[in-house]
Amino acid sequence: MDLVLIESLCVDTVIGVYDWERTITQRLVLDLAMAHDICAAAAGDDVALTLDYAAISEHIDAFANAHDFALVETFAERLADTLREEFTIPWLRLTVRKPGAVPAATTVGVQIERGIRTGAA
Ligand SMILES: Nc1nc2c(c(=O)[nH]1)N=C([C@H](O)[C@@H](O)CO)CN2
């Protein structure tokens, strides 16, 4: 199975369960692995035949600007839904980290996998 990757993508968004968090933006750091058979794109040397990581990164940034969830879980789940639908991604693994949320930890967050991971993809 081939994967298209986006790693350490930083976005700023309103996120958090506490009142003070509803009035500021905070940074989230995302890792994304997306199943996609890259053979056709490689053979044709054609970005239209693959998952365009630049376009997907822009989509994620716009998503972060447009939403204000309490939990990183909700951010991850809703983002995974929209990415899978918008870009026809059969399987993905998404890690959402919120560095600084717990001062004693380097980072905290969630990781989810959604969809079906097939050999063809
Ligand atoms: N599993 C989670 N635990 C917590 C979250 C979260 O989104 N998922 N959020 C918070 C607060 O917003 C925290 O980040 C503020 O420092 C606490 N626990």
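## V110 and its surroundings

Leaving aside neighbours within four places in sequence, V110 is in contact with V72, E73, A76 and V96, where two residues count as in contact if their C-beta atoms, placed from the backbone, lie within 7 Å. V110 belongs to strand β4; helices (H or I, at least four residues) and strands (E, at least two) are DSSP runs, numbered from the N terminus. V110 counts as partly exposed because 16 other C-beta atoms lie within 10 Å; by this scale a residue is buried if 20 or more other C-beta atoms, placed from the backbone, lie within 10 Å of its own, exposed if 12 or fewer, and partly exposed in between. The C-alpha atoms of V110 and L71 are separated by 9.9 Å, although these residues are 39 residues apart along the chain.

The structure is a predicted model, in which local features need pLDDT of at least 70 and side-chain atom pairs count only at pLDDT 80 or more, while totals for chains, interfaces and linings use all residues. Residues are numbered from 1 along each chain as its sequence is written.

## The chain as a whole

The chain has 3 helices and 4 strands, which follow one another along the sequence in the pattern β-β-α-α-α-β-β. The C-alpha atoms fill a box of roughly 50 × 25 × 20 Å, taken along the principal axes, and buried residues make up 18% of the 121 residues. Among contacts between residues at least 6 apart in sequence, 62% join residues at least 24 apart.

An open sheet of 4 strands has the order β1-β2-β3-β4, with antiparallel pairing, two strands being paired if DSSP finds at least two bridges between them. The edge strands, each pairing on one side only, are β1 (3-13) and β4 (109-115), and the twist averages 15 degrees from one strand to the next.

Strand β2 (residues 26-35) pairs with β3 (residues 91-97) over 6 bridges; L30 has V96 as its bridge partner in β3, and L32 stands opposite L94. Strands β3 and β4 pair over 7 bridges, with W91 partnered by G115 in β4.

Helix α2 (residues 53-66) lies across β1 and β2, at about 30 degrees to β1, whereas helix α3 (residues 72-87) lies across β2, β3 and β4, at about 30 degrees to β4. For these angles, axes are lines fitted to C-alpha atoms, for helices over the stretch in contact, and angles run from 0 to 180 degrees between N-to-C directions.

V14 is placed in the loop between β1 and β2 and counts as partly exposed because it has 16 C-beta neighbours inside 10 Å. Not counting residues up to four places away in sequence, V14 touches R22, T25 and D68.

The ligand is surrounded by G16, V17, Y18, E21, L71, V72, E73, K98 and A101, a residue being near a molecule if its C-beta atom, placed from the backbone, lies within 6 Å of it. This shell divides into 5 nonpolar, 1 polar and 3 charged residues, where Ala, Val, Leu, Ile, Met, Phe, Trp, Tyr, Cys and Pro count as nonpolar, Asp, Glu, Lys and Arg as charged, and the others, Gly among them, as polar.
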